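Subject: Structure handover and notes

Dear colleague,

I am passing on the structure we spoke about, together with notes on what was found in it. Please read the notes with the structure open beside them.

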Amino acid sequence: MPIYQYDCAGCQKQVEVFFRTVAKASEATGTKCPECGSKKLTRVVSRIARGRSTSEAIDSIDLQQELGRLEGGDEKAFSKWARRMGEQYDGELGTDFSDLASRADAGLDPSERADPNFALSSRLSRAKERLSTED
Ligand SMILES: [Zn+2]
């Protein structure tokens, strides 16, 4: 059961709000402070919420689109994207986006790896599984 922490501007407390499902939590609008009923809540990124948000962020990665850019010869765009992903995820998830970016920058074809598409997506899904079992 997802629990999100919020800072409440109404009562200045840090409160926890429970949601029945992750989907409910991400849809949640008009969430009220359980202490004072105020709707002025700001989500606090706690350890739990961080894991969630990382996993949500991974969901939103459009790998096909980015690899499509690479195939289309737009290596600059790809390396920029990969570098950004590396800064965000390499440490946390053990991915090697930074390495891919360096290869693209050096004019090497990152796709010369056996199957970069498979490697990247399988690594992302493994990372997701790991995150979802940390609850
Ligand atoms: Zn409150």
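The largest nonpolar core has ten residues in all, namely L70, F78, W81, A82, M85, Y89, F97, L100, A101 and A104. Here a nonpolar core means a set of buried Ala, Val, Leu, Ile, Met, Phe, Trp, Tyr and Cys residues joined through C-beta atoms within 7 Å, and a residue is buried if 20 or more other C-beta atoms lie within 10 Å of its own, exposed if 12 or fewer, and partly exposed in between, with C-beta atoms placed from the backbone. The elements that give two or more residues to this core are α4 (75-93) and α5 (97-105), and the largest share, five residues, comes from α4. Apart from this core lies another one, of five residues, among them Y6, C8, V15 and L41. As background, in soluble globular proteins nonpolar side chains tend to be buried together.

Two points on provenance should be kept in mind throughout. The model is a predicted one, in which local features need pLDDT of at least 70 and side-chain atom pairs count only at pLDDT 80 or more, while totals for chains, interfaces and linings use all residues. Residues are numbered from 1 along each chain as its sequence is written.

Overall architecture

The protein chain has six helices and three strands, where helices (H or I, at least four residues) and strands (E, at least two) are DSSP runs numbered from the N terminus. From the N terminus on, the order of these elements is β-β-α-β-α-α-α-α-α. Of the 135 residues of the protein chain, 16% count as buried. Among the contacts in the protein chain with a separation of 6 or more, 47% are accounted for by residues 24 or more positions apart, a contact being a pair of residues whose C-beta atoms, placed from the backbone, lie within 7 Å.

Helix packing around α4

The axes of α4 and α5 come within 7 Å and cross at roughly 155°, axes being lines fitted to C-alpha atoms, for helices over the stretch in contact, with angles running from 0 to 180 degrees between N-to-C directions. The two helices α4 and α5 are therefore roughly antiparallel to each other, on a scale where angles under 35 degrees count as roughly parallel, over 145 as roughly antiparallel, 65 to 115 as roughly perpendicular and the rest as oblique. The crossing of α4 and α5 is left-handed, that is, the near helix is turned anticlockwise from the far one by less than a right angle, whereas clockwise would be right-handed. On the α4 side the contact is made by E75, F78, S79, A82, R83, M85, G86, Y89 and D90, and on the α5 side by F97, S98, L100, A101, A104 and D105. By class, this contact of α4 with α5 has eight nonpolar, three polar and four charged residues, with Ala, Val, Leu, Ile, Met, Phe, Trp, Tyr, Cys and Pro counted as nonpolar, Asp, Glu, Lys and Arg as charged, and the others, Gly among them, as polar.

Helix α3 (residues 63-71) and α4 pack at an angle of about 145°, with their axes 7 Å apart, and the crossing of α3 and α4 is left-handed. This contact is made by E66, R69 and L70 of α3 and by E75, A77, F78 and W81 of α4, which by class gives four nonpolar, no polar and three charged residues.

Individual residues

A82, in helix α4, counts as buried, with 27 C-beta neighbours inside 10 Å. Leaving aside its neighbours within four places in sequence, A82 is in contact with F97, L100, A101 and A104, and its C-alpha lies 6.2 Å from that of S98, 16 residues apart in sequence.

T95 sits in the loop between α4 and α5 and is buried, with 22 other C-beta atoms within 10 Å. Beyond its neighbours within four places in sequence, T95 is in contact with Y89, D90 and R123.

By contrast, E92, in helix α4, is exposed, with 12 other C-beta atoms within 10 Å; its C-alpha is separated by 9.0 Å from that of A127, 35 residues apart along the chain.

Lastly, Q12 lies in the loop between β1 (3-8) and β2 (14-18), where its phi is near 60°, a positive value in a residue other than glycine. Q12 is exposed, with 10 other C-beta atoms within 10 Å.

Best regards

Key: Contact = placed C-beta atoms within 7 Å.
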